[in-house]
Amino acid sequence: MSSSSSPSDPVAALGDAWRHAREALRFSSVRGREVTETHVLRIGGYSTVGSMLPRGRCVESDPFRAGGHRWKLEYYPNGFKDSTGGGCATALLRLQDNRLLGRAADATAGYRVDILDGGGNAVYGSSAQPVEYRVRGRSGIWVDIKEAKPDALRSLTGEDGSLSVRCDVTVQTLEKESRVKCLLRGWLLQ
């Protein structure tokens, strides 16, 4: 008897069918994801900081991570020179360069900025719809917090004279999935 299987061998036929089915199931999967993370910038001695910084000057947060990227929040207590808010507080979210971590990548994100009272409750706020941020260049969306005039903000400071600015960053990504992960997710959701 020869070592090769005959065409009528059911095991060989099943193996051939499995091989053809496996080849027919080559596919890829991509899905969109949103990840929201929060950073709070606390500004101590807010009245002093606000009087020291003229319109167009800002305080910056330390770099923080959200959605796999590094960001920095710029807060202008007296507004930005080109903003439309007319003397209200302004914020700008900037994407930082990630090259120290081995990669530099653009990102799509939206964000919301809220000024908090002493109890941590949002009093004034505004948001920006998702846009693409570039690592190179100065991209970002200005957010004018229209009700947040300097005198109103000074009244919100806590006992220690500090003011907190919360920034919720929502990063949108496209995630490639392996065939196995996609099939498992499909079976688990049934």
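Reader: Let's start with contacts. Among those between residues at least 6 apart in sequence, what share joins residues at least 24 apart?
Author: That share is 66% in this chain. Keep in mind that you are looking at a predicted model.

Reader: Okay! How many helices and strands are there?
Author: The chain has four helices and nine strands. If you follow the sequence, the order is α-β-α-β-β-β-β-β-β-β-α-β-α.

Reader: And how much of the chain is buried?
Author: Out of 190 residues, 36% count as buried. As for the accessible surface, the total is about 11500 Å², with 52% of that belonging to carbon and sulfur atoms.

Reader: Which residues touch the most other members of the largest nonpolar core?
Author: They are W71, Y75, Y111, I115 and V169, in a core of 32 residues. As a general point, nonpolar side chains tend to be buried together in soluble globular proteins.

Reader: Switching topic: how many aromatic pairs does a search of the whole structure find?
Author: The search finds three. One of them is Y46 with Y75, a tilted pair with 6.4 Å centre to centre and 50° between the planes. This pair links distant parts of the chain, as Y46 belongs to helix α2 and Y75 to strand β4, 29 residues apart.

Reader: Are Y46 and Y75 buried or exposed?
Author: Y46 is buried, because its relative accessible area is 2%. Y75 counts as buried too, because its relative accessibility is 0%.

Reader: What about W71 and Y133, how are their rings arranged?
Author: W71 and Y133 form an edge-to-face pair, at 5.1 Å centre to centre with 90° between the planes. W71 sits in strand β4 and Y133 in strand β7, so you are looking at a link between distant parts of the chain, 62 residues apart. Both W71 and Y133 are buried.

Reader: You mentioned β7. Which way do β6 and β7 run, parallel or antiparallel?
Author: Strands β6 (residues 107-116) and β7 (residues 122-133) run antiparallel, joined by nine bridges.

Reader: Why does G79 count as buried?
Author: G79 counts as buried because its relative accessible area is 0%. Apart from neighbours within four places in sequence, G79 is in contact with R55, G56, C88, A89 and T90. From G79 to A91 the C-alpha distance is 8.1 Å, and the two are 12 residues apart in sequence.

Reader: Last one! What does the side chain of E74 make a polar contact with?
Author: The partner is the side chain of R94, at 2.7 Å. E74 is part of strand β4, and E74 counts as buried because its relative accessibility is 4%.

Key. Residues numbered from 1 in each chain as written. Predicted model: local features only at pLDDT ≥ 70, side-chain atom pairs only at ≥ 80, totals over all residues. Heavy atoms only, no water. Pairing = 2+ DSSP bridges. Helix = DSSP H or I, 4+ residues; strand = E, 2+ residues; numbered from the N terminus. Buried < 20%, exposed > 50% of the residue type's maximum accessible area, 1.4 Å probe, protein only. Contact = heavy atoms within 4.5 Å. Areas by Shrake-Rupley, 256 points an atom, 1.4 Å probe, with all protein chains shown as cover. Polar contact = N/O pair within 3.5 Å; in protein donor to acceptor, adjacent residues only side chain to side chain. Core = buried A, V, L, I, M, F, W, Y, C linked by side-chain atoms within 4.5 Å. Phe/Tyr/Trp six-rings, centres within 6.5 Å; stacked < 30°, edge-to-face > 60°.
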